[in-house]
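The points are arranged by topic and may be read in order.

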Amino acid sequence: MSPELVRERKYESAADIWALGCTVLEMITGVPAWNYQDEQDLLKFIGYSDRIPYIPSKCLVKNANHRWSPWALLEHPFVSVHSGCHLSWKETAFTCCCV
């Protein structure tokens, strides 16, 4: 859950980018980005703390306006080279052309 969702503020695709960053971080390290047993403590930490996980990530920036956009992620070599697909944005939707 992104900081803007915890704070019950307006959210857009940046909330999904945050979730992607958490998922990738957990896949790499094998542990959750934030290791809290109590859900309320976790939500307070994500929503109101300035701290982020030690491993830097453009997906896990607290300020949603400074987080990578879907377009920036699509241009990242990991996505464009390893996916086997060409992803593009047209008007209001993503399209995928797998080779």
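The numbered points that follow describe the model from its overall layout to individual residues.

1. Basis of the note. The model is a predicted one, in which local features need pLDDT of at least 70 and side-chain atom pairs count only at pLDDT 80 or more, whereas totals for chains, interfaces and linings use all residues. Residues are numbered from 1 along each chain as its sequence is written, and side-chain values use heavy atoms, with hydrogens and water left out.

2. Secondary structure. The protein chain contains five helices and two strands. Both are DSSP runs numbered from the N terminus, with helices being H or I of at least four residues and strands being E of at least two. In sequence order the pattern reads α-α-α-α-α-β-β.

3. Surface and burial. The accessible surface of the protein chain is about 7400 Å², and carbon and sulfur atoms hold 57% of that area. Accessible areas come from the Shrake-Rupley method with a 1.4 Å probe, and for residues only the protein chains shown count as cover. Of the 99 residues in the protein chain, 27% are buried. Here buried means under 20% relative accessible area, exposed means over 50%, and partly exposed lies in between (1.4 Å probe, protein chains only).

4. Contact range. A contact means heavy atoms within 4.5 Å. Among contacts in the protein chain between residues at least 6 apart in sequence, 43% connect residues at least 24 apart.

5. Nonpolar core. The largest nonpolar core has nine residues: Val6, Trp18, Cys22, Leu25, Trp34, Leu43, Phe45, Ile46 and Leu60. Such a core is a set of buried Ala, Val, Leu, Ile, Met, Phe, Trp, Tyr and Cys residues joined through side-chain atoms within 4.5 Å. At least two residues of this core come from each of H2 and H3. In soluble globular proteins, nonpolar side chains tend to be buried together. Val6 has contacts with Met1, Leu43, Ile46, Gly47 and Tyr48, when residues up to four places away in sequence are not counted.

6. Trp18. This residue belongs to helix H2. Trp18 counts as buried because its relative accessible area is 0%. With residues up to four places away in sequence not counted, Trp18 touches Met1, Ser2, Pro3, Trp34, Ile46, Cys59, Leu60, Val61, Lys62 and Arg67. The C-alpha atoms of Trp18 and Val61 are 7.6 Å apart, although 43 residues separate the two along the chain.

7. Cysteines. How many disulfides are there? The count is zero disulfides, a disulfide being a pair of cysteine sulfur atoms within 2.5 Å. For Cys22, which is in no disulfide, the nearest cysteine sulfur is that of Cys59, 9.1 Å away. Cys59 is likewise in no disulfide, and its nearest cysteine sulfur is that of Cys22. Cys22 counts as buried because its relative accessibility is 16%, and Cys59 is buried with a relative accessible area of 8%.

8. Salt bridges. The structure has two salt bridges, each defined by a side-chain nitrogen of Lys or Arg within 4 Å of a carboxyl oxygen of Asp or Glu. One joins Glu4 to Arg67, with the closest N and O atoms 3.0 Å apart. This pair links distant parts of the chain, 63 residues apart: Glu4 is in helix H1 (residues 3-6) and Arg67 is in the loop between H3 and helix H4 (70-75). Glu4 and Arg67 are both buried. Another salt bridge joins the side chains of Glu12 and Lys10 at 3.1 Å, N to O. Glu12 is exposed, with a relative accessible area of 53%, and Lys10 is exposed at 69% relative accessibility.

9. Nonpolar surface patch. Leu20, Val24 and Ile28 make a nonpolar surface patch of about 270 Å². Patches are made of residues with over 30% relative accessible area and no salt bridge, with like charges joined within 9 Å and nonpolar side chains (Val, Leu, Ile, Met, Phe, Trp, Tyr) within 5 Å. Leu20 lies in helix H2 and counts as partly exposed because its relative accessibility is 37%.

10. Loop residues. Glu8, in the loop between H1 and H2, has a positive phi of about 55° although it is not a glycine. At 73% relative accessibility, Glu8 is exposed. Pro32 is located in the loop between helix H2 (13-29) and helix H3 (39-48), and is partly exposed with a relative accessible area of 39%. The C-alpha atoms of Pro32 and Pro53 lie 9.8 Å apart, with the two residues 21 residues apart along the chain.
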